[in-house]
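This briefing concerns the structure shown below. Please keep the sequence and the coordinates at hand while reading.

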Protein chains: 2
Amino acid sequence: MLGNFSYKNATKLYFGDDSLKYLNDELPKYGKTVQLIYGGGSVKKNGIYDAVVGILKENGKTIVEDAGVMPNPTVDKLREGVRLARENNVDFLLAVGGGSCCDYAKAVSVSVNCDDDPWEKYYIRFEKPDCAIIPVGCILTMAGTGSEMNGGSVITNHEQKLKIGHVFGEDVMPKFSILNPKFTMSLPKRQMVAGIYDVFNHICEQYFSGEDDNTSDYLAEALMKSVIHSSLIAVDNPQDYEARSNIMWSATWALNTLISRGKTTDWMVHMLGQAVGAITDATHGMTLAAVSLPYYRTIMPYGLPKFVRFAKEVWGVDPKGKTDEDIANEGLAALEKWMRTIGVAMSLGELGVTEDMIEAIADATIILDGGYKVFTRDDVVKVLKASL
Amino acid sequence: MLGNFSYKNATKLYFGDDSLKYLNDELPKYGKTVQLIYGGGSVKKNGIYDAVVGILKENGKTIVEDAGVMPNPTVDKLREGVRLARENNVDFLLAVGGGSCCDYAKAVSVSVNCDDDPWEKYYIRFEKPDCAIIPVGCILTMAGTGSEMNGGSVITNHEQKLKIGHVFGEDVMPKFSILNPKFTMSLPKRQMVAGIYDVFNHICEQYFSGEDDNTSDYLAEALMKSVIHSSLIAVDNPQDYEARSNIMWSATWALNTLISRGKTTDWMVHMLGQAVGAITDATHGMTLAAVSLPYYRTIMPYGLPKFVRFAKEVWGVDPKGKTDEDIANEGLAALEKWMRTIGVAMSLGELGVTEDMIEAIADATIILDGGYKVFTRDDVVKVLKASL
């Protein structure tokens, strides 16, 4: 059954190899001073930075530079960004980068006009923004997080060894996002693959929960199949525009709230992965990959019908003459084979995790209750050890 | 390849068996005078009218009654609605009914402040609205058209024997829509089935076009599978909330622009069906059903790979040892079997069409060029005759 829900997602998307030009249509809607948010400088090498700055200048904007957003944006960087926005009376936040830049921009947007410390307010107390929100726009250079069309924002606190996401509401979603698949093509292959696994796992997190018949699960399967199909083309040829455009579009719909409507969701792989990220600073998508198979093999018996459906519908497992357990295991074996083919991290060891870090990671793992099995701390430790 | 596109759909949806209460959240955002649009009075029998009027009064609204919107809203009714809105300085249009009421409300919304005749301006000259648009909200009582989350509006001109749709832009989409699956349960079964086929055909119209690999096609298949699955439950037990809720949700996503992003579309079944509707005033979904199989069997050789995919992915046709033509034909046979099972009209004869009406229907058929075969007038006549 579809449970009761509301849905609104007003982010305007411009998609395609000519989409940057629409920045000209959007900029006049916002004020003069633009905080230009980007990461480690790759956008300067590939020309995207220059193109964006050119359009900002043509539109008479004053640019406030905010460079150096790291892959796992920190609370220290967030506080710096808030200060920058306040000092310059910034009217608009323009993120140019991957999900980290978009997440960071949203965190700044809800913090500039609030007195409280953003970490305490949003990531510890999970409060709603109660101050004026600075509008955000995104120019996406990596497909993965879906941050371009949702209210999510993950921030890392190294001191407290925590990496926590807050899903803000409609008002915090980007006003517009520009999605040019060509912008994703200069990424190193390992980053592309990490993004692809992030997308796939977003879908799994919403799929592997609940037992109702639900249109959302059909849509989830469609996105999974499209991602699997395109990923196999993209790992062979990262310059394949068709594959990269489908991955980018699937990424957006994998986490813009559509496929979670009317159903419960899991998100424990993300909780485990984010805890790994908090301790190791490893690439987000790879942390998810490293814990996924041990996690799914653990919960499979508790959600067997969905794992059987996953095997048949997503991986085309022929059920004839097999037990449900066999079918479900074959589905997870197909998932494992695909993960090895595209080249994600298959263990936490590959990400620098050692056995002595397990307890700290378990401490940093937030336990949610939407999945097929509600974990204890012991379960967390077991899955982490099995992932080493 | 995903072609370049933009996407924005800001309609807020409230979904579920308690969703009417959210009308209280929305009404304060709009002015005092509300034009209350509904159809033949079934909403008075099932209590929805009283519930809505109660909420309007609690919110201090002045109600302008606009009853009698017919299943195929006419240009005469539209002109009357525009006059009513002008005379009463209406601030908000609230449609309570199926797609006809929503379509009609949108047509009124773009016409109140324009001097031109709406039929000439929007349905003959296909102009964009260039005057202030009155905001629209919908309370849906029938699943089918998707009008609750798009800019579409179909109007019929009996004098000119034309039934024409105009897809308006983002600004004309409903500000909110309230979707309560229980509201659809008092519909006669034949209306439910007509709505289900309308939904399915919306998906087909967007699916059977183009040869690119495209995430949109995966999503289209997902929606088709969910509709087929739920329809078989709903025809057996129209009171099955789970099935009716999934049909309602699939209907919204079947025609809110998502599954057409980045690809070409066909829409010839709708052109044929609307022409039948213009001449006979038959139920929309049934006109589509009556012409569908002759149409798809005609275009199948020109889009064979997609029809093979349709057979395998949507209907589970086993391709082993079969030619592509065999597989495609088996898919269309499965479609036919499903149509007969749910009980749609299988011929134009059932809708009162006789051979002497064929030329007039062909005259009223607008020929589009997005499908696998661009039709001539002769092709139109042939398909109509084969549908008799």
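A residue is buried if 20 or more other C-beta atoms, placed from the backbone, lie within 10 Å of its own, exposed if 12 or fewer do, and partly exposed in between. By that criterion, buried residues make up 56% of the 388 residues in chain A. This is a predicted model, in which local features need pLDDT of at least 70 and side-chain atom pairs count only at pLDDT 80 or more, whereas totals for chains, interfaces and linings use all residues. Residues are numbered from 1 along each chain as its sequence is written, and chains are lettered from A and ligands numbered from 1 in the order in which they are written.

**Overall form of chain A**

- Chain A contains 15 helices and eight strands, where helices (H or I, at least four residues) and strands (E, at least two) are DSSP runs numbered from the N terminus.
- A compact globule of 388 residues would have a radius of gyration near 21 Å, and the 20 Å of chain A agrees with this; the radius is taken over C-alpha atoms, and the globule rule is 2.2 Å times the number of residues to the power 0.38.
- Along the principal axes, the C-alpha atoms of chain A fill a box of roughly 70 × 40 × 40 Å.
- Among the contacts in chain A with a separation of 6 or more, 80% are between residues 24 or more positions apart; two residues are in contact if their C-beta atoms, placed from the backbone, lie within 7 Å.

**Domains of chain A**

- Chain A is divided into domain 1 (12-184) and domain 2 (189-386), with bounds that come from an automatic or database domain assignment.
- The centres of domain 1 and domain 2 of chain A, taken over C-alpha atoms, are separated by 27 Å.
- Domain 1 of chain A gives 19 residues to the contact between them, and domain 2 of chain A gives 28 residues.
- On the domain 1 side, strand S6 (152-157) and strand S7 (162-167) of chain A each supply at least two residues.
- That side of domain 1 of chain A has nine nonpolar, seven polar and three charged residues; Ala, Val, Leu, Ile, Met, Phe, Trp, Tyr, Cys and Pro count as nonpolar, Asp, Glu, Lys and Arg as charged, and the others, Gly among them, as polar.

- The same surface serves both copies, as 100% of the contact residues of chain A recur in chain B.
- The contact between the chains takes 34 residues from chain A and 34 residues from chain B.
- Strand S1 (5-15), helix H8 (215-236) and helix H9 (241-254) of chain A each supply at least two residues of the side that touches chain B, and S1(A) gives the most, with nine residues.
- By class, this side of chain A has 14 nonpolar, 11 polar and nine charged residues.

**Strand pairing**

- S1(A) and strand S1 (residues 5-15) of chain B run antiparallel and are joined by seven bridges; two strands pair if DSSP finds at least two bridges between them.
- Phe15(A) stands opposite Phe5(B) in S1(B).
- Within chain A, S1(A) and S8(A) run parallel, joined by four bridges, and Tyr14(A) has Ile178(A) as its bridge partner in S8(A).
- Strand S5 (residues 136-140) of chain A also runs parallel to S8(A), with four bridges, and Ile139(A) has Ile178(A) as its bridge partner in S8(A).
- Strand S8 (residues 176-179) of chain A is covered on both faces, with Phe176(A) and Ile178(A) buried on one side and Ser177(A) and Leu179(A) buried on the other.

**Individual residues**

- Phe15(B), in strand S1 of chain B, counts as buried because it has 25 C-beta neighbours inside 10 Å.
- Not counting residues up to four places away in sequence, Phe15(B) touches residues of both chains, including Phe5(A), Tyr7(A), Gly262(A), Leu179(B) and Trp249(B).
- Phe15(B) and Pro181(B) are 166 residues apart in sequence, yet 8.0 Å apart in space, C-alpha to C-alpha.
- Most residues other than glycine have a negative phi.
- Asp281(A) has a positive phi, near 65 degrees; Asp281(A) lies in the loop between helix H10 (268-280) and helix H11 (284-299) of chain A and counts as partly exposed, with 18 C-beta neighbours inside 10 Å.
- Trp267(B) has a positive phi, near 75 degrees; Trp267(B) lies in the loop between helix H9 (241-254) and helix H10 (268-280) of chain B and is buried, with 21 other C-beta atoms within 10 Å.
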